[in-house]
Amino acid sequence: MKRLRKILYHFLSHKILMITVLLALCVMHTEGQQKIGAADSLKRIIDNDTILSETDKAELFSSLSKSFSNNPKKALTYDFLEIQLAKKNNWSDNLITATISYATHSNELCKYSQADTALQDIEGLVKSTNGPIKLSDYYYQRASNYYDWSRYELAKLYFEKALTQYKLHKDKIGIAKTLKGLGVTVSVWSDFQSSISYLQKARDIYSDLDDKKGLASINISLGAVFEQWGKNAGALNHYQDALVYYDENNDLFNQANLRLHIGDLYLKSGNYSKALDYYFTAQNIEKQKPHKKLRAITLSNIGEAYFFMGRYEDALKYQEKAITLKKEIGDRKRIAISYIDIGKIYLAQNNYHEAIIYARKAYNISKKSKLNYQTQESLHLLSEAFHNSNQPDSAYTYLNRYIKIKDKIYNEENTKTLNNLSIKYKVKEKEKENKLLKVQNSKNEISIREERTNKYLTFLIAVFILLFAVIILLFMIARERQNRKNNLLLQNKNQEITKQKEKLSVLNRELSESRAQYMSIVENATIGMYRTTKDGRVLFANNALLTMIDTTWDELKEVNLNIVKPDRVKLLNLLDEKNVITGREDIWSTKTGENIFVKESIWTVTNKDGEIQYYEGIVEDITKRKKAEKELINKEQKLLAINEKLKKNNAEVEKARRELEKAYKTKSEFLANISHEIRTPLNAILGFTDLLMNMVKQPKLQFVLAIRSSGKSLLSLINDILDLSKIQAGKIELHYEPISLQDIINEVNQVFTLAITEKGLDFNLKTHPSIAKLLFLDGTRMRQILFNLLGNAVKFSEKGFINLTADVTNETTQKIDLTLIVADSGPGIPKEKHKEVFEAFIQNDGGKHPGTGLGLSITKRLVETMGGTISMTSEPGKGTTFTIVLPDIRIFEGNKAKNTKSSETTDFNHFESKSILGNKFKFSHQEMKSITESDFSILFKERCLKLHNQHVIKDILSCSEDIISFAGENNFAQLHKLAGELKNASKSFDIEKIEQILELLIKLFF
């Protein structure tokens, strides 16, 4: 094939190549299946060809598809290639034609779904363009595919669309074949009246056009209608008329199809052996032109014949083969028929259970597809099977349905229509015979007259031909003698020429291969290669060299190297002496004037006499290497200078760091001391303010309220500054102890309940079950974090919701990862301000809400001190979500609930770092138990939590008095003593002591 390709490329034009290919395919196709491989090789040559244009390839693929019309599987390959080519080049006409061919061949292979998909893909194109196929033909092809696919309702729909288009264009052939399609489609539903009407109209059109092929197809369809109606004699006449035409025209598919129909008639008349003869003949014909659907019908019919002959096992074997093929095809009607036949076999074998199963399968398919005849058959089979299995009620039910459908199909009107059609058909046949006889008589008379005239003319022509033949014969004899002499001379010459051609062909092939290999190496080399003359002309330069100097061959060949590089003459003189110079470094200029560094090797090429013909050389671009070397030197020098500066800077930085640490420490200590000093008198001011509120009235009361509000804001600011300074100084101390995070969350929830309710917000709390475990955390700092986040959420949310989620991940028996999420429906924060959120003294609401801007900064520092992370997501108008992740939180392994009550006295060791209260108050186990079981928690929990966070002296005094009263009534001595200390601390405005007592109450009882 390679040799054929070279000969075709060098000596034939592409049009001759196409003709040659098609002729070759015709020869290969007639020689049989063994030549298919050669066709594949030829296809690969066409795919890789560079002479044929895209249009020529498309024409060639189309011709190849047509040449394999008897091999649809092979033709599909070329259809697909043409479709790809048409899509690539946006050829709408080629795409439509190739897709139609693809769908046709898919249909022949019973790949109906594939054909339908292909046709759907071009529907829009067919409608929008006036292409090579009419919309009517497109609708007809889709309808035919749906009919073969047993999608009868879709088939009817598209046949009707096609009929409308054909009538619009007054296309009689199209109208006739569409009417025929409608006739066979509605006959499936046993609508014989409509079927006969469609078929009769189609037959009249074909008769007027004298279309024998069309009439033959109508005869098949009418025969099928007569057969279903039980008019076997009329059906046989139609089938035999059609068979005569298809035998004459060697139509193998319809030959096999008609023999199956005729075999069915003999089967119904009880002549089973003759029916089998027709079936096996059809099977042999189908093997010559394979068709899966036809093969399935043949197997099914043979099985049916064996059934009537009592050979049930053979019948079942053929039916099972048939049902497998039918399912592959998706032919619902034929599947239903096979299910009925298999049910009859099992009924005959007294296997009523299997008979009922297959009869029901047939009934379901037939009913779904509106196959009235098969529905009737399946109902009759069900009735017999239930009757024989002693189930008379079911047998009666199905028999009643069978009778109704049979009466519907075989009504009097349909019978009359069919009989009239039969009579009308016979009358038309007689009229046609009479016309033919009259025409034949006229032809005979004309023939007799012409015969007399022609006899004389024939004699004269014969004499003339004889004389002419003698002259030609004499001339040929003389010419033959001369040709023999010439042939002897030509043979000798041809033998010599043939030998010389063979030698020359071998040499040319070897030379061509050698040159191709050499050029491939040169052109694909990564280094530059050139050839020049001594006078400076460039004879050759490869692609790498042209790319290197940024020029083209047309530009380079016009350059004289001796002019543009004057020092080249000295180089060539030196080269003439040494013959080879290697590793020479030089600087060249590109077309744009840019300098590049090159490493060049050059040598002389001489002829057989030793004379220099030209110079060849290779060039490597080393610009990157040179630049890298220079850059390396510069960097080394810079690095040395930088190192010197770094040494000086490091000394200065170290000195500055020490000074900064000293200043930072001094600042933090100052803030801590001054904040503490300010808080004590400020608490006194707040306390006296609370007392004054009960002593003064309006309008002076508003001044007292202003002092109280400003004092509380100042106290909050001082507390935040103190915390921030401790964090910044690294002096913050975390006190980890087993606490219930669930209790802390509930406390915070109670504190904010009133504010949330007043604003009409929805508060949603979601906690993981493991939150109830005792976890090692700093409870005070966890409260502070939650108060900051929830306080902001309540402050900034005017409506909507606030969500608090406490989740646990990566849980083990010893540790958990804790996630806290606070989400609100507030105004949100613009994206450009996200980075500022956690900075100190930053407020992102433009000062609309009161605050110091320290809460989130402190929260972030506390979370990070605990080894966790805090992140935020927010969009304007969509609210804000803060997410805290605290990894590796240790789970307390002791007893849950009130572990501190397990001993006779409560352990206060964890308070000693903060105060001496733990040593001063000793609660017995009995008192702790009694207080816990009393109403103390219900009465005072919410009040104590609120006071712990707000420090309102008036409220603290009131609460301490109530606790004293409660403790006295219940004989709780230690509680009474602790409440008294709280009252004294409130009167003396000792805020620190108040905090310690409230914290102790919360730890012990809440």
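**Reading helix contacts, sheets and confidence**

Me: Which residues in α15 meet residues in α17?

Reply: In this predicted model, α15 contributes Phe-253, Ala-256, Asn-257, Leu-260, Asp-264 and Leu-267, which meet Leu-294, Ile-297, Thr-298, Asn-301, Glu-304, Ala-305 and Phe-308 in α17. By class, the residues of this contact divide into eight nonpolar, three polar and two charged.

Me: At what angle do the axes of α15 and α17 cross?

Reply: Two packed helices are described by the angle between their axes and the distance between the axes. Here the axes of α15 (residues 252–268) and α17 (residues 292–308) cross at roughly 20° and come within 11 Å. That angle makes α15 roughly parallel to α17. The crossing of α15 with α17 is left-handed.

Me: How do the axes of α13 and α14 cross?

Reply: The axes of α13 (residues 212–229) and α14 (residues 232–248) come within 8 Å, and their crossing angle is roughly 155°. Because of this angle, α13 is roughly antiparallel to α14. The crossing of α13 and α14 is left-handed. On the α13 side, the contact includes Lys-212, Ala-216, Ile-220, Gly-223 and Glu-227; on the α14 side, Ala-235, His-238, Tyr-239, Ala-242 and Tyr-246 are among the residues involved. The contact of α13 with α14 holds ten nonpolar, six polar and four charged residues.

Me: What is the order of the strands in the open sheet that contains β1?

Reply: Strands of a sheet pair through backbone hydrogen bonds, either parallel or antiparallel. In this sheet the five strands follow the order β2-β1-β5-β4-β3, and the pairing is antiparallel. Its edge strands, β2 (538–541) and β3 (580–589), each pair on one side only. On average, neighbouring strands are turned by 25° against each other, direction ignored.

Me: How many bridges join β1 to β5?

Reply: Five bridges join β1 (residues 528–532) to β5 (residues 612–621), and the two strands run antiparallel. Within β5, Glu-616 stands opposite Arg-531. A helix also belongs in this picture: α27 (residues 568–578) lies across β1, β3, β4 (595–606) and β5, and runs at about 170° to β3.

Me: What pairing does the sheet with β7 and β11 have?

Reply: That sheet has mixed pairing; it is open, with five strands in the order β7-β9-β10-β12-β11. The edge strands β7 (762–767) and β11 (869–875) each pair on one side only. From one strand to the next, the twist averages 10°. Between β7 and β9 (residues 801–809), which run parallel, there are six bridges. The bridge partner of Phe-763 in β9 is Ile-802.

Me: Which strands does helix α31 touch?

Reply: Helix α31 (residues 779–796) packs on the sheet and touches β7, β9, β10 (815–824) and β12 (879–890). The direction of α31 makes about 20° with that of β10. Another helix, α32 (residues 855–865), lies across β11 and β12 and runs at about 140° to β11.

Me: At what angle do α31 and α32 pack?

Reply: The two helices pack at about 145°, with their axes 10 Å apart, and the crossing of α31 and α32 is left-handed. In α31 the residues are Arg-781, Gln-784, Ile-785, Asn-788, Leu-789 and Asn-792; they meet Gly-855, Leu-856, Ile-858, Thr-859, Leu-862 and Val-863 in α32. Six nonpolar, five polar and one charged residues make up the contact of α31 with α32.

Me: Where in the protein chain is confidence lowest, and where is it highest?

Reply: Where pLDDT is low, the predicted coordinates should not be read in detail. Confidence is lowest in helix α1 (residues 2–11), with a mean of 41, and highest in β10, at 94. For the protein chain, the mean pLDDT is 78, and 80% of the residues reach 70 or more.

Me: Over which residues does pLDDT stay under 50?

Reply: One such stretch is residues 423–427, for which the model has five contacts beyond four places in sequence. Over residues 895–916 the pLDDT is also below 50, and this stretch has 40 contacts in the model beyond near neighbours in sequence.

Conventions. Residues numbered from 1 in each chain as written. Predicted model: local features only at pLDDT ≥ 70, side-chain atom pairs only at ≥ 80, totals over all residues. Heavy atoms only, no water. Pairing = 2+ DSSP bridges. Helix = DSSP H or I, 4+ residues; strand = E, 2+ residues; numbered from the N terminus. Axes fitted to C-alpha atoms, helices over the stretch in contact; angles between N-to-C directions. Contact = heavy atoms within 4.5 Å. Parallel < 35°, antiparallel > 145°, perpendicular 65-115°, else oblique. Left-handed = near helix turned anticlockwise from the far one by under 90°. Nonpolar A, V, L, I, M, F, W, Y, C, P; charged D, E, K, R; others polar. pLDDT = per-residue confidence, 0-100.
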